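The sequence and structure are shown first.

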Amino acid sequence: LGSSLPFVISGRLDFVHALFESVSGWSTGGMTVVNPDTLPHIFLFHRAFMQYCGGLGFVIIIGIVIGGRQVMSMYNTEVHPGGAQPNLRRTSLTIFLIYMSCFALGAALYRVFGMPLFDAICHAMGSLATAGFSVHSSSIGYYDSLPIEIITMLLMLVGSTNFAVLLLLVRRKFRRVAKISEVRFLGCVLLIFIPLSVFSLIAHNDFGFARSLREATFAVISVLSTTGFTTANYALWPPFVVGLIMLLMLLGGATGSTAGGIKLTRAYILVRVTKSNIFRRVSPSHRIRAMRYGTAQGEEPIDGVLVRDTLEFVTVYAAIIFIGTLLITHFEDSSLMDALFEFTAAFGTVGLSNGLTAHASTPTLVVEMVAMLLGRLEIFIVFIGVFSAFDKVRDRITKKSM
């Protein structure tokens, strides 16, 4: 709420639009209702800093300042427990230093390859936080620079990587990283979606191989990491590629990263379970093996509890997308596909827009704000918090009545 005040006091936005911009920043949603080309640097930095802090997560700061068991449950929401150090404060500080180091390196590389210093700082924040606020309406495409695009892709990949995996990389435990199922699954997704996008762009837009590879690679990484930076106008792309982009919005980045979406680990578990069920139907029972998946801590079993939790999350995730899409079609009288794209982008904290949000009504903005918060905070954590608060209020009312 406080972060929205500068926009309100300056008279640039009314309260609802200012609150939307603030929620989008802190949730790393990246959706915007302003034209960054018209904003002074102070507001552009304010937006960038919000998303940078939102990407790192309040819980890491809390862990550094106070530590203790009282923040462990919050910590496990943001950082996958696998591979974490026993000392919460030390682990939080290590993650903070990694985050700051990547930011400094990214900003320096941007500057070396021609980006103005202010732009470099803001875009390094946005890339690492997988948020997507840019200082230009044409985003990264404004610079038309391959080195800048490569730096952005690397930062987005770092931001969408499990913090526990980053800790292993810092310790140079590359073999352990290579055995992590989530990392392997990320590679498979990139190897599938990038070629499909390239071939579709060549066939339908006649871009040529080099341009198609460059634009498709950036788009796939940007959307999969839920950052939302762009180098091309997706409205001109074939529907097949837009459909792939929407699938990537659903997937999202790694568990325990700054990215949103269903998360790669859950998607991987669903694929493994589906494959196992199909295999079970066509194979003798004695050939069925127990399912396991690699984590930063080591191999873990894919047991019934994990499968149930994953299915519950995906079911609720799909239900929220369905409800949110219908609400937007009602409030905006838009097509179902436009509403689906917009709500999926908000819920996945991707930040892409087909133009609907910029002219949306207040109810639609409220729906998208709720979606971004739910998408950033892992749904069930919000539900638990709401129900806990409700229980406390009910208990107090009961005690007073007695």
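How many aromatic pairs does the count come to? In this predicted model, the count comes to 10 aromatic pairs.

## Aromatic pairs

Y52 and F103 make a tilted aromatic pair, with 5.2 Å centre to centre and 50° between the planes. Y52 belongs to helix 3 (residues 41-56) and F103 to helix 6 (residues 88-112), so this pair ties together parts that are 51 residues apart in sequence. Y52 and F103 are both buried.

Y142 and Y143 form an edge-to-face aromatic pair, 5.1 Å centre to centre with 85° between the planes. Y142 has a relative accessible area of 47% and is therefore partly exposed. Y143 counts as buried because its relative accessibility is 15%, under the 20% cut-off.

Ring pairs also link F313, Y317, F343 and F347 into a cluster.

## Charges over rings

Two arginine side chains are listed here. R47 has its charged end over the ring of F133, 4.1 Å from the ring centre. The charged end of R211 sits over the ring of F207, 3.8 Å from its centre.

## Helix 17

Helix 17 covers residues 362-376, which is 15 residues. At 1.5 Å a residue it should span 21 Å, and its end C-alpha atoms are 21 Å apart, so the two values agree.

Which residues of helix 17 are buried? They are T364, L365, V367, E368, M369, A371, M372, L374, G375 and R376. In general, an α-helix has 3.6 residues a turn, so residues three or four places apart point the same way. Just after helix 17, E378 takes a positive phi of about 70°.

Terms used:
Residues are numbered from 1 along each chain as its sequence is written. This is a predicted model: local features need pLDDT of at least 70, side-chain atom pairs count only at pLDDT 80 or more; totals for chains, interfaces and linings use all residues. Side-chain values use heavy atoms; hydrogens and water are left out. Helices (H or I, at least four residues) and strands (E, at least two) are DSSP runs, numbered from the N terminus. The expected span of a helix is 1.5 Å times one less than its number of residues. Buried means under 20% relative accessible area, exposed over 50%, partly exposed in between (1.4 Å probe, protein chains only). Rings of Phe, Tyr and Trp (its six-membered ring) pair if their centres lie within 6.5 Å; planes under 30 degrees apart count as stacked, over 60 as edge-to-face and the rest as tilted. A charge sits over a ring if NZ of Lys or CZ of Arg is within 6 Å of the ring centre and within 35 degrees of the ring normal.
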